[in-house]
Amino acid sequence: MIELSQARSKRLLAVHGWAGTVLGLALYVVILTGAVVVFAHEIGTWSVSGTRAQQPLAAPMDAKIRELAGQVDPEYLDDLNLFHNGAGHISAFFHTHAAKDDGHPMDKGVRFTFDPVTGETLTRQEGFGDEFEDPLSALDHFLVELHVNLHAPEPVGLYLTGILGFAMLAAAVSGFLLHRHLIKDLFVAPRLSSRLLNARDRHILAGSWGLPFAFVLAFTGAFLSFAGSIGLMTISMAAFGGDQQKLIETIIGMPEAEDATPAQPADLDAMLRQSAEMSGNGPAFVAITHYGRADARVYAFHLAAEGGLQSQQHVFKGSDGAYLGPKPSIGTKPSAGDAAFTLMGVLHFGTFAGLLSRVIWFALGLAMCYVTLTGLQLWLRRRADSPLWRRLGRSVPIVGYGLPIALAASGISFFLSLSAGTMLFWTPAGFLIAAGLSIAIGCLLRDETQLYRLYRGLLGATLIALPLLRWLMGGIGWDGMLESGNDIVILLDLALAAGGLGYLYIALAHRREPRWSGVEREVAAE
Amino acid sequence: MASQSDRGWFTAKRTRWLLGGPMAVLIAIMAMGAMPLWFPTGAAGVDHLVFPLILFPALWAAGFFYAILAENLRRAALVMTALALINAACIAVLWTIS
């Protein structure tokens with residue numbers, strides 16, 4: 001129990017209420033999309049009806065990389081990044097460090113995509129790193145970008161989500177300080193004496209259980225948004241004369257002395273096999289510096305294996321394949337800074353205990369959405385006498401239901417445009433069309449009960465449409481998924497169908513309105 | 001308490017807004033920029049660069065809630081101004097030696 005003076009409590013209450021009210025709906029967008037992109041990788045795989053290679057970068061590809069290296073300007077052999085999309089296609093980006101017309105540093109080179117199973121080259125694109133397109137990743141990229149920067153241009157988007165992280169931190173800390181009976185609030189039974197008291201008790205109950213989670217997410221999210229934008233800029237200005245590249249090189253680990261003597265690359269497959277044996281899973285990302293030179297280095301990055309906490313990175317000498325040792329994400333040897341940096345990522349993405357921890361993170365994310373929306377509703381109900389607040393109150397169901405409907409619609413648009421290959425256009429377009437329709441429905445339909453039923457019905461229908469369209473457009477049923485080891489696609493199909501059926505049931509079932517035992521009266525809603 | 005600052009434009013409410021809003025952000029940014037000067041470099045020589053980035057949200061939250069909860073606004077204004085000046089001096093030293 002925290003004792004606060006009346007004046008302090010009043011100020012904290014104002015911070016808690018206004019932080020949630022002014023930025024509440026934007027916060028809801030970031031939290032809901034954050035809960036969804038906990039499964040971004042799985043959504044990517046699901047959207048293309050599974051992958052043929054479960055660990056694409058563990059497949060033999062040394063010969064293919066040698067073949068592709070012979071097709072690019074030698075200048076682009078300076079750096080090579082290897083990564084894969086949800087369909088299991090490998091991208092090989094041969095590049096050098098260049099600057100765009102506005103002076104902004106950007107990698108420039110040639111990016112190939114190829115199928116690791118057949119070895120067939122699928123695409124070849126040349127230009128700056130931020131110009132390449134991958135239509136098959138349109139859905140998961142769209143969702144991730146919406147969460148990370150609300151699709152605003154950089155660095156404005158990162159500032160926006162960072163400010164929302166601060167708002168969530170302010171709401172979480174003030175919510176914690178305001179609790180008069182912290183333990184009791186964890187087990188409060190929502191009162192039935194009035195609608196407002198019932199809503200307040202539900203908000204307190206969900207908020208009390210979600211408090212540590214809200215604090216962790218707000219803190220790590222604000223760090224992730226601000227570190228790469230305002231953080232690097234500030235520290236580089238103060239300690240590196242404004243040279244951000246030098247700061248990044250110092251943090252990651254200074255490159256060794258150069259040796260440009262030509263040298264045949266060692267067997268990449270053997271190095272990656274050794275790295276996978278040490279890490280317990282195949283690489284998620286591979287970087288090769290100075291390909292074809294005596295000072296070439298191969299960095300194999302592995303996500304935490306099932307049951308493991310930390311990701312791993314192993315370094316090899318590119319010219320003879322000698323193992324040089326593990327490399328921390330930060331610095332050249334293990335340090336407190338590296339451990340803290342790793343912990344921030346692990347806590348934000350919920351990857352500390354495999355799939356189970358991510359499912360828990362998803363569920364807690366949905367609980368925080370509930371806390372945000374019920375907090376907003378409480379604030380607005382207390383001010384229901386004001387026409388302005390009443391009009392603003394309409395925005396809660398519009399955004400509350402409109403956002404998940406629009407997210408589902410972006411998936412529907414993705415599938416419908418799959419055959420034409422226009423997913424990059426139609427995925428965001430579907431989101432915007434559905435968002436516009438949801439807003440129009442919310443503005444036109446005056447009856448609140450009807451509005452909620454319609455929204456729930458629409459959400460249920462769009463969720464059910466997703467697995468059906470995946471099956472119809474992707475052409476692969478569950479038996480094919482089981483054969484190729486794509487169980488996650490079946491799981492997502494079932495989860496979406498179950499969620500959709502649940503919402504359709506709520507929309508169609510005739511439930512009796514709760515009867516409040518007490519007379520509606522003014523209470524402190526927050 | 002309010003009478004302490006209720007002179008002219010700087011009412012108690014506006015002063016608290018200034019301290020909890022722009023001042024808390026300014027101090028957090030300045031403290032982040034000044035930390036590499038005094039924070040231990042650690043085993044890999046990067047802790048003094050990484051921890052300021054990680055602690056930035058905590059630096060902001062500390063300044064923000066101090067401004068919100070302070071009963072004596074005059075003292076809070078003095079403390080926060082002093083912190084800003086100390087961090088500015090640290091940044092100046094860092095700038096000179098880098």
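Among contacts in chain B between residues at least 6 apart in sequence, 64% join residues at least 24 apart. The model is predicted. Chain B has three helices and zero strands. Along the sequence, this gives the pattern α-α-α. The C-alpha atoms of chain B fill a box of roughly 50 × 25 × 15 Å along the principal axes. Of the 98 residues in chain B, 48% are buried. The accessible surface of chain B is about 4,900 Å². Carbon and sulfur atoms account for 74% of that surface.

Next comes the meeting of the two chains. The size of an interface is often given as the accessible area lost when the parts come together. Chain A and chain B bury about 2,900 Å² between them. Carbon and sulfur atoms hold 80% of this buried area. Three residues, Arg11(A), Phe166(A) and Ile235(A), supply 20% of the area that chain A buries against chain B, more than any other three residues. The contact takes 40 residues from chain A and 30 residues from chain B.

Polar links also cross the interface. Five residue pairs are in polar contact between chain A and chain B, with both residues at pLDDT 80 or more. Several helices of chain A give two or more residues to the side that touches chain B, among them H1 (6-37), H5 (156-178) and H10 (336-349). The largest share of that side, 13 residues, comes from H7(A). By type, the residues on the chain A side divide into 27 nonpolar, ten polar and three charged.

Now turn to charge. Side chains of opposite charge can pair when their charged atoms come close. Over all chains, the count is eleven salt bridges. Two salt bridges are found across the interface of chain A and chain B. In one salt bridge, Arg11(A) pairs with Glu71(B), and the closest N and O atoms are 3.8 Å apart. A network of salt bridges links Arg8(A), Arg11(A) and Glu71(B).

Other salt bridges lie within chain A. Arg358(A) forms one with Glu42(A), with 2.7 Å between the closest N and O atoms. Arg358(A) lies in helix H11 and Glu42(A) in helix H2, so the pair ties together parts that are 316 residues apart in sequence. Is Arg358(A) buried or exposed? Arg358(A) has a relative accessible area of 14%, so Arg358(A) is buried. Glu42(A) is buried too, at 10%.

Asp62(A) and Arg66(A) also form a salt bridge, with the closest N and O atoms 2.7 Å apart. Both belong to helix H3 of chain A; because they are four residues apart, about one helical turn separates them. Asp62(A) is buried at 10% relative accessibility, whereas Arg66(A) is partly exposed at 31%.

Lys100(A) forms a salt bridge with Glu131(A), and here the closest N and O atoms are 3.8 Å apart. This pair links distant parts of the chain, 31 residues apart, with each residue in a loop. Lys100(A) counts as partly exposed at 22%, and Glu131(A) counts as partly exposed at 42%.

Two further residues of chain A complete the tour. Gly127(A) is found in strand S4. Gly127(A) counts as buried, at 10% relative accessibility. The C-alpha atoms of Gly127(A) and Gly109(A) are separated by 5.5 Å, although the residues are 18 apart along the chain. Beyond its sequence neighbors up to four places away, Gly127(A) touches Asp107(A), Lys108(A), Gly109(A) and Phe132(A). Ser417(A) lies in the loop between helix H13 and helix H14. Ser417(A) is buried, with a relative accessible area of 4%.

Technical notes: Residues numbered from 1 in each chain as written. Chains lettered and ligands numbered in written order. Predicted model: local features only at pLDDT ≥ 70, side-chain atom pairs only at ≥ 80, totals over all residues. Heavy atoms only, no water. Contact = heavy atoms within 4.5 Å. Buried area = accessible area lost by both parts, 1.4 Å probe. Salt bridge = Lys/Arg side-chain N within 4 Å of Asp/Glu carboxyl O. Polar contact = N/O pair within 3.5 Å; in protein donor to acceptor, adjacent residues only side chain to side chain. Nonpolar A, V, L, I, M, F, W, Y, C, P; charged D, E, K, R; others polar. Buried < 20%, exposed > 50% of the residue type's maximum accessible area, 1.4 Å probe, protein only. Areas by Shrake-Rupley, 256 points an atom, 1.4 Å probe, with all protein chains shown as cover.
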